[in-house]
Amino acid sequence: MKLDDVLISKAIIERFSAKLVDCLESDVAVVGGGPAGLVAAYYLARAGKRVILIERKTAVGGGMWGGGMMFNQIVVQQYGKAILDDFDVRTEPFAEGYYTADSIEAVSTICSKAVKAGARVFNLISVEDVMLSEGRVTGLVLNWSAVMTAGLHVDPLTIRTGFVIDATGHPAEVATLIERKSGEKLDTPTGVVIGERPMCAEAGERATVENTREFFPGVFAAGMSCNAIFGGPRMGPVFGGMLMSGKKVAELIMQRA
Ligand code: 48H
């Protein structure tokens, strides 16, 4: 059989378009494919929810690939290890209550499990706005990351969803967008995005999990965005809180959806 160049193009265009059309309506849309977003997508998809994950960059994984200062190892506590066990990511004990994992194995395995569980991942696409109706977020406004980077004047497309997870990490982009554009208050002590506090691993990890919750009708925070939205400390390259937050947000949404 001789390969037909144009048939290859046709296969890609048809299959991608079908996947995108199928995702125009979903139960949950996860914004950001770092550890928190991927873990949330996995547990939700495994429970049978229709999950779409939007990632701005070419690769999912967010800040996990780089471990700490490009030393590509991550540290997790006992509860983080339990989640990595769930994904079959190998860990090694380092000291009592401290485990290490290879960040490359962690990202690639968590991503693979999320996709195989049924989560539909769209990379190279950015969320540039939300759809708001009667005080609730009902969907997302998407554009190619390349269009946004190039500053081209190209109008976006929209997807409808039951719940949104802001898993965009430090910038808490979904929360910031809602605050800036809706004129409504967020469900935080000040009604706005409070901003991340300086490093304290112990308090930061606790705050991440505690602040994994709905901060605007239909929108939940997960991962590092929780600390930005609710004013929690950063915690450096310890990832148990990110994993735990992804699992917790999935459980909270499953109680509602
Ligand atoms: C589409 C977007 C958009 C957008 C952003 O930063 P992440 O890894 O986020 P978490 O919360 O899963 O993990 C945080 C962790 O990596 C970290 O930074 C830690 C522990 N820091 C501690 C410290 O002290 O510094 O991933 C977020 C992802 C990224 O891949 C972005 O590209 C993506 O979200 N993203 N995708 N549309 N508008 N904004």
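A residue counts as near a molecule or strand if one of its heavy atoms lies within 4 Å of it. Keep that in mind for the exercises below.

The model here is predicted, so local features need pLDDT of at least 70 and side-chain atom pairs count only at pLDDT 80 or more, while totals for chains, interfaces and linings use all residues. Residues are numbered from 1 along each chain as its sequence is written, and side-chain values use heavy atoms, with hydrogens and water left out.

**Exercise 1. Find out which residues surround the ligand and what classes they belong to.**

Step 1. Start with the count: 27 residues surround the ligand. The closest are Glu55, Gly63, Met224, Arg234 and Gly236.

Step 2. Sort the shell by class. Here Ala, Val, Leu, Ile, Met, Phe, Trp, Tyr, Cys and Pro count as nonpolar, Asp, Glu, Lys and Arg as charged, and the others, Gly among them, as polar. The shell then splits into 11 nonpolar, 11 polar and 5 charged residues.

**Exercise 2. Which elements give two or more residues to the shell around the ligand?**

Step 1. Helices (H or I, at least four residues) and strands (E, at least two) are DSSP runs, numbered from the N terminus.

Step 2. The elements to pick out are helix H2 (35-46), strand E2 (51-55) and strand E7 (125-133).

Step 3. E7 supplies the largest share, 3 residues.

**Exercise 3. Is Ser225 buried or exposed?**

Step 1. Use the cut-offs: buried means under 20% relative accessible area, exposed over 50%, partly exposed in between (1.4 Å probe, protein chains only).

Step 2. Ser225 has 0% relative accessibility, so it counts as buried.

Step 3. Check its side chain too: a polar atom there lies 3.1 Å from the backbone oxygen of Ala222.

**Exercise 4. Work through Asp88 and Ala172, which have a positive phi although they are not glycines.**

Step 1. Asp88 has a phi of about 65 degrees. Look for Asp88 in the loop between helix H3 (78-86) and strand E4 (92-95). Its relative accessibility is 55%, so Asp88 counts as exposed.

Step 2. For Ala172, phi is about 40 degrees. Ala172 belongs to the loop between strand E9 (157-166) and H6. With a relative accessible area of 0%, Ala172 is buried.

Step 3. Pro171 is also in the loop between E9 and H6. Pro171 comes out as partly exposed, at 44%. Its C-alpha atom is 13 Å from that of Glu128, 43 residues away along the chain.

How values were computed:
A polar contact is a pair of N or O atoms within 3.5 Å; within protein, one must be able to donate a hydrogen and the other to accept it, and residues adjacent in sequence count only if both atoms are side-chain atoms.
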